Structures are given as C-alpha cells and as structure tokens.
Amino acid sequence: MKHIKQYLNLLMEEGLVLSYCLYEKENEKVCHMTYDSKEAEAGSMFLCKGAGFKKEYLMEALQRGAAVYVSEEYYETEGEVPYILVKSMRKAMPVLAKAFYREADEKLFLTGVTGTKGKTTTVYYIRAILDEYLKDRQEKASGLISTIETCDGVSCEESRLTTPESIELFRYFRNAVDSGVRHMTMEVSSQALKYRRVRELQFQVGIFLNISRDHISPKEHVDFEDYFSSKLSLFRQTEVACVNLNADYADRILKAAHKAERIVTFGTKKHADIRCSEIRTEGRHLSFRVTCDRFSERFELGMRGKFNIENALAAITAAYVYGVPVACMHRALRKTLVPGRMETFASSDGKICGIVDFAHNRLSFEKLFDAAFQEYTAYRRIITVFGCPGGKALNRRRELGIIAGLFSDEVILTTDDP
C-alpha cells in the first residue's frame, strides 16, 4: 500500500496538482480508493468526481473514515482533513487507479475494440478464440469487459457502462492478474476515450470497426467531429492497429492508425492484409473465405446476420496478430453466440420467428433489416418493437423511426432504459 505522499508525488509528476495540504499525515497509508461515498471506509482516498458532485458526498465519505480527498475544488470541513486539489479529475483518476492497483494492466495482453456498431460481438468472438487457444495450452480462460458483462477471473457481473470508470477498470485488471488471467479483451467507447477512463492503458491490439453518426447530444459528443476524433485517439495508445478497410472514412482512420507501431488491415478489399471473400448462406449458417499470408480457409459462423462477418473478420485479425492457430479460430466462431445479438426464437409451428438484437443506431438498424430481408425469406411480415433512451443521441430518434417505418409492416414504439 502506498502512502498519501506517494500519490501526491505521482500527480505532481504529471503536472496535475494545483495545491495540497496533508496536515502531517503524508505517511498515512491509503488502503482503499473510491468515488462512491457509500463505499468509503477507514483509510480511503475519496475522489470527488462528476458534474453532479455535491459536498454532501464528501461529508459522508469522511464520516465513513476517508483519510484524504482529491478534488478540483477546496471544501471546508471540520478538523484537519488532508486534500489534494488537481487541475482535472478526469486526468488524475487513471493515474491514481493505476498506482493503487499496482500497474496490473502492464501484466496483461490488452485488446481494445472501438466502432459505432459490432463492438460487443467482436469482443465475444475474440474471447472465444483466445479461450480455445488457451484451453489447448492448459492456461486460464481470458477476461472480458463488454456492454453485457465483465469477467475478470474472479467473478462475472452485469456491466453498467460499456467501458467502466478507471477505478473499476484497474480493479478488474488486478483481479485478472491475481487469478492467473493473461489476456483481457474490452470494448472501448468514445465516452471512455473522450473522458480519459483508459488514459493510462497501452493496448497490444486496437481494433477500429466502423464509424457513423451516433452519440451526438449535449450530454455526449457535441458533433460528429468530436465523436470521430475521440474514437481515433485509441491509436495513440496502441501497439498494433487493426483497421477495417470497408469502414466509412477508411483513409482518415488509416492515417490516424500510423500513431501505432504497426497496422494490419482487414475487409473485402483486395489489398486488405486479412481479406474476406466468397460469402455464402448455407442452411442456417453463414460461411466465408479468409485469405492472408498464412492461410486461405473457409470459416462458418454460429450466428446469423451477414454483418457479423465483419465482426468475425476483426476477431480473426486480432487472433492473427497474437499468432493463434487457425483451428482455434474455426472452433470458436462456429459455436459462439452472443446474448442480445441476433438471438433467434421460433414458435413451435415455425410460423413466427423472433429476433432479439441490441441494434440502437442507424448503422445497426440498417444492417439488421438487411439481414431480416436476405436471411429470413420464409417469413412474410416484419413487426418491429423498439424504443430510444432519453436525453442522449438525439439524432437516433428520427433515423430509427424512418428506417423502421420503411422496412416494417408494423412498428411498435415502447420505453427504453426508463
């Protein structure tokens, strides 16, 4: 455990400290770190973060035994409470979290996946491929941080954010390392990049899937440029950049990818390093050929939806970088299903088919309806049920309504994330 003074020194090295007063308690040990006042305990370092932060939260943390607080502003308190004032809590948090959890991230192979659509399916595919490989080597299964769940080798829990705040993130890494996990695959959201949750990480592999207009609102990204540039910043902390040549703005993505040490491209373009071709629908399964300098093989997906081929190709590219045998890729992709992604349910007589998919933006909706038309030709009508969350991504409301209206026989609007 580090002392309060050691954390102060780290922040000073980063040029983040405005002022401080430790009241001769600089050698007091920090045994816990949190920004949730209800989780504070004796010896905690309490982080005052968030636009909605209130002094009452700090008072509760101190009552629970917090030893020091870090904040962007000074708060009057009873007694001599050590404090460190910083220029930016967003920049300070990952520095503190990394130190508290003893640089656990540096002992892992980290794969980060960003893009407007397909992140969740791609990380599940990558994890499945890695797990096949690790099983063959009699090693512990890999970890996962996704929109659906987080698995860190100690436990699996439902996710609250696509990419957690840095305190949780580094805690998951520490759990992974302590339990023998060597690989961690994670979704990296534009919000996590913009607000520096992943600032102290170095990804061995960083994947850019695609880009379209999304998350544009006063609460998220002010415009498309803010959204796009946030996504592209992933490459500043990536060793091997994997880029989809079929993505919109591929030239700009490739230009940004040169910040990485190496670039590997994938897609259906002839000059892609990992090239997909000969896409076929065979019964209930999709198959496609992948060609690169190491192999030319046909793969089969256990999931429906031709758009998932792009996600599978990204996963194959990551596996290629890590040197995973092709046999492991085959086995994993053939059997992997992802909760809430092209999940299919049929009535006993086969006349009604239900598809559950977490499509939530224009690009995802278009791909979903395209799959419904091309891969479910036995059904005559499409009934669509969907909703939109409040206060965010305002452009979605119009776009999703128009697309659903164009391609559905009936549309049912309902509440979403109330």
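1. Tyrosine 69 stands opposite tyrosine 83 in S5. The two strands involved are S4 (residues 68-71) and S5 (residues 83-86), which pair in the parallel sense over three bridges. Helices (H or I, at least four residues) and strands (E, at least two) are DSSP runs, numbered from the N terminus. Pairing requires at least two DSSP bridges between two strands.

2. The model is predicted: local features need pLDDT of at least 70, side-chain atom pairs count only at pLDDT 80 or more, and totals for chains, interfaces and linings use all residues. Residues are numbered from 1 along each chain as its sequence is written, and side-chain values use heavy atoms, with hydrogens and water left out.

3. S4 and S5 belong to an open sheet of five strands. Its order is S1-S5-S4-S3-S2, and the pairing is mixed. At the edges are strand S1 (17-21) and strand S2 (32-34), and each pairs on one side only. Neighbouring strands in this sheet are turned by 15° against each other on average, direction ignored.

4. Helix H1 lies across this sheet, over S1, S2, strand S3 (44-47), S4 and S5. H1 runs at about 160° to S1. Axes are lines fitted to C-alpha atoms, for helices over the stretch in contact, and angles run from 0 to 180 degrees between N-to-C directions.

5. H1 (residues 4-13) also packs on helix H3 (residues 89-100), at an angle of about 135° and with the axes 10 Å apart. That makes H1 oblique to H3; angles under 35 degrees count as roughly parallel, over 145 as roughly antiparallel, 65 to 115 as roughly perpendicular and the rest as oblique. The crossing of H1 and H3 is right-handed (the near helix is turned clockwise from the far one by less than a right angle).

6. Which residues of H1 and H3 meet? From H1 come Tyr7, Leu10 and Leu11; from H3 come Ala92, Val95, Leu96, Ala99 and Phe100. By class, this contact of H1 with H3 has eight nonpolar, no polar and no charged residues. Nonpolar here covers Ala, Val, Leu, Ile, Met, Phe, Trp, Tyr, Cys and Pro; charged is Asp, Glu, Lys and Arg; the others, Gly among them, are polar.

7. Alanine 92 of H3 deserves a look. Alanine 92 counts as buried, at 0% relative accessibility (buried is under 20% relative accessible area, exposed over 50%, partly exposed in between, with a 1.4 Å probe and protein chains only). Leaving aside neighbours within four places in sequence, alanine 92 is in contact (heavy atoms within 4.5 Å) with Leu11, Leu16 and Val86. Glycine 143 is 51 residues apart from alanine 92 along the chain, and their C-alpha atoms are separated by 26 Å.

8. An open sheet of 11 strands has the order S9-S8-S7-S10-S6-S11-S12-S13-S14-S15-S16, with mixed pairing. Strand S9 (156-158) and strand S16 (296-301) stand at its edges with a single partner strand each, so one side of each lacks a neighbour in the sheet. From one strand to the next, the twist averages 20°.

9. Is strand S11 (residues 203-208) buried or exposed? Six of its six residues are buried, so S11 is largely enclosed by the rest of the structure. Four bridges join S11 to strand S6 (residues 109-114), and the two run parallel. Threonine 111 has valine 205 in S11 as its bridge partner. S11 also pairs with strand S12 (residues 238-244), in the parallel sense over five bridges. There, phenylalanine 203 stands opposite threonine 238.

10. Strand S7 (residues 143-145) pairs with strand S10 (residues 183-187) in the parallel sense over three bridges, with isoleucine 145 partnered by methionine 186. S13 and strand S14 (residues 274-282) are parallel over two bridges. S14 and strand S15 (residues 285-291) run antiparallel, joined by six bridges. Arginine 275 faces both ways: it stands opposite glycine 267 and opposite threonine 291 in S15.

11. Helix H4 (residues 119-136) lies across S6, S7, strand S8 (149-151), S10, S11 and S16, at about 170° to S10. Helix H8 (residues 250-257) lies across S11, S12 and strand S13 (262-267), at about 170° to S12.

12. Threonine 122 sits in H4. Threonine 122 is buried, with a relative accessible area of 0%. Not counting residues up to four places away in sequence, threonine 122 touches Val113, Leu209, Asn311, Ala314 and Ala315. Isoleucine 309 is 187 residues apart from threonine 122 in sequence, and 9.7 Å apart in space, C-alpha to C-alpha.
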